[in-house]
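Biologist: I would like to learn how to read the packing of helices in a model. Please take me through one case.

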Amino acid sequence: MITISAHQLDATVDSVFWPFVRIGSCLMVAPVFGAVTVPMRLRVVLAGAIALLVAPLIPQPAGVSALSVAGVLITVQQVIIGVALGFCLQILFTGVSLGGDLLANSMGLSLSFNLDPLGGEQTPVLSQLYTVLVTLIFLLLNGDLALIRVLVQGFRTLPIGSTGLGTAGIWTVVSWGSTLFSGALAVALPGVTALLVANLAFGVVSRAAPSMNLFAVGLPISLVFGLLVVIAGLPALESGFTRLLTETLILLRHLSGA
């Protein structure tokens with residue numbers, strides 16, 4: 001008959017609990033996994049399955065119980081690490097969506113909204129288009145598997161303990177917020193520049209023919225011209241997002257101590 005002592009049961013629970021907290025915190029915030037259309041139970045089950053697989057392979061803090069004061073501090077650190085990793089990746093998707101929002105305002109599509117399946121909120125249709133495209137690129141490049149790989153490898157380079165990210169790691173996450181604006185600018189700048197040239201042309205036409213109703217003519221032309229710019233800029237969106245995704249994964253590895 002196999003007997004399990006209370007100490008062995010506590011050790012087994014502790015070995016799975018902290019990896020589950022870090023992985024679950026990341027999946028709750030990370031894009032695709034953290035979408036409102038993904039059921040909460042599915043995210044919990046996925047985090048638990050990954051934690052069960054990696055728990056026997058990672059070092060555990062010796063003599064620390066999850067219910068002790070030191071265990072609570074370790075739990076908080078694992079939540080911070082997981083949320084930071086998922087947040088850095090989420091910023092990339094938010095930057096692309098913001099770029100689509102800026103371009104939609106320049107095209108006259110600021111009043112055309114659609115439901116964002118990832119965030120569960122109303123966003124301009126162009127932002128939604130860019131979000132769907134970069135999500136497909138992310139899945140096509142196995143970005144979801146790369147995120148899980150970074151999480152698993154992070155337990156060796158940044159082991160479970162009370163140290164966590166530290167001040168330098170938290171400041172790195174804060175500094176990474178500039179990617180939100182640089183990514184948005186990279187997406188919207190070509191289209192906004194082209195539409196600015198079109199608006200300057202409308203200004204010249206209005207001076208040459210003051211009787212022309214530019215409000216009736218300019219909006220359809222700006223819309224069609226903007227759609228052509230969007231189609232022409234799709235290859236640049238793919239290459240730019242791939243480059244930013246690579247830099248983000250490198251950052252995640254850096255935050256994980258690799």
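Modeller: Helix 3 and helix 9 cross in a right-handed way; a crossing is right-handed if the near helix is turned clockwise from the far one by less than a right angle, and left-handed if anticlockwise. Helices here are DSSP runs (H or I, at least four residues), numbered from the N terminus. This is a predicted model: local features need pLDDT of at least 70, side-chain atom pairs count only at pLDDT 80 or more, and totals for chains, interfaces and linings use all residues. Residues are numbered from 1 along each chain as its sequence is written, and side-chain values use heavy atoms, leaving out hydrogens and water.

Biologist: At what angle do helix 3 and helix 9 pack?

Modeller: Axes are lines fitted to C-alpha atoms, for helices over the stretch in contact, and angles run from 0 to 180 degrees between N-to-C directions. Helix 3 and helix 9 pack at about 165°, with axes 9 Å apart. They are therefore roughly antiparallel (angles over 145 degrees).

Biologist: Which residues in helix 3 and helix 9 meet?

Modeller: Contact means heavy atoms within 4.5 Å. Among those of helix 3 are Leu-85, Cys-88 and Leu-92, and the helix 9 side includes Phe-241 and Thr-248. The residues of this contact divide into 13 nonpolar, 1 polar and no charged; Ala, Val, Leu, Ile, Met, Phe, Trp, Tyr, Cys and Pro count as nonpolar, Asp, Glu, Lys and Arg as charged, and the others, Gly among them, as polar.

Biologist: What is Phe-241 in contact with, leaving aside its neighbours within four places in sequence?

Modeller: Its contacts of that kind include Phe-93, Val-96 and Val-134.

Conventions. Helix = DSSP H or I, 4+ residues; strand = E, 2+ residues; numbered from the N terminus. Parallel < 35°, antiparallel > 145°, perpendicular 65-115°, else oblique.
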